[in-house]
Amino acid sequence: MQFFGGSEISPSPPVATASGNNAHMLYIFNRNGICLLYREWNRTLKTLSPQQDYKLMFGLLFSLRSLTEKMDPTSADKGNLGVPLLPGQGCSFHSFRTNTYKLSFMESPSGVKIILVTHPRTGDLRDSLKFIYNLYVEYVVKNPLYSPGSLIRCSLFNKSVDQYVRGLG
Amino acid sequence: MAAIYSLYVINKSGGLIFTRYLWHSMHAISQQLSPVSRCSGIELLQADTFDLHCFQYLTGTKFFVVCKPGSLHMEALFKQIYELYTDYVLKNPFYEMEMRRAI
């Protein structure tokens, strides 16, 4: 996946087409599976405790990535299913859809995973996820008081993410 | 024009492909993580080089199609395939349910 395309450092956000709550949840994980951020805007069903929820989400993504890499029809046969994959190695999925939600996924070269759960008829959100990643870089990574691997507690970051997500179609 | 790479059919207990247990568990997990109730599992998985469509019927039989990204009209294809499946396989008196089948 070409991550550093284009000449701009931050892609300009897509034009806001809707004002409603189209997004349900946002997760940000680091490469070790620690959930750095969980934002919730519209979630009516909660079946698990937060810790279980994060573990399940991370596990699902790990398995889906292995599955996608193994199932890739355009590549020669590689290692066994379940071999840990480096970010950017092999073919990775970028979204899946069910009848009730659509999950969009992006993994940065450093292993930071951004997951956005929206309603099922949402379009391709890869550029939006890149924009959220850029927000993360600007507000969190460049913050000298933030220690990597810890929970993100930055109200400015939360506000800008909320504002951006609210404008997504 | 959709380029279809492969087509898999699995029955309720899994039957054909190596990922049968993996797919069933991921299907279940995706239902648990749903923000709203009454989720029926993954219908479409989009990757960089392929799309995977999964259709589940009322009997529990799942059909998969692996195709080029952005392929359209998969639902019509699934309907046609299911019709053929019912006509040739299920109505075959020598077919045992849940049996792996070389069609």
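Predicted model: local features only at pLDDT ≥ 70, side-chain atom pairs only at ≥ 80, totals over all residues.
The buried ones are A:S128, A:L129, A:F131, A:I132, A:Y133, A:N134, A:L135, A:Y136, A:V137 and A:V140. Their cover includes four strands of chain A, namely β1 (23-29), β2 (35-40), β4 (102-107) and β5 (113-118). Helix α3 (155-166) of chain A is also part of that cover.

Next, the interface. On the chain B side, 30 residues are in contact with 37 residues of chain A. The size of an interface is often given as the accessible area lost when the parts come together. Here the area buried between chain B and chain A is about 3000 Å², and carbon and sulfur atoms give 68% of that. Within chain B, the residues that lose the most area to chain A are B:L33, B:P35 and B:D48. Together they make up 23% of what that side buries.

How many salt bridges does the rule find across this interface? The count is 1. A:R97 and B:E43 meet through their side chains in a salt bridge, at 3.3 Å from N to O.

Those two residues come up again at the largest pocket, where A:R97, B:E43, B:H53, B:F55 and B:E75 lie nearest the centre. The pocket has a volume of about 420 Å³, and 22 residues line it. In chain B, β2 (42-47), β3 (51-56) and α2 (74-90) each give two or more residues to the lining. The largest share, 5 residues, comes from β3 of chain B. Sorted by class, the lining has 8 nonpolar, 9 polar and 5 charged residues.

Key: Residues numbered from 1 in each chain as written. Chains lettered and ligands numbered in written order. Heavy atoms only, no water. 1 Å grid on protein atoms, 1.4 Å probe; cavity = no way out; pocket = protein on both sides within 12 Å on 5 of 7 lines; lining within 4 Å. Points joined across faces, edges and corners; volume = space filled by probe spheres on them. Nonpolar A, V, L, I, M, F, W, Y, C, P; charged D, E, K, R; others polar. Buried < 20%, exposed > 50% of the residue type's maximum accessible area, 1.4 Å probe, protein only. Contact = heavy atoms within 4.5 Å. Buried area = accessible area lost by both parts, 1.4 Å probe. Salt bridge = Lys/Arg side-chain N within 4 Å of Asp/Glu carboxyl O.
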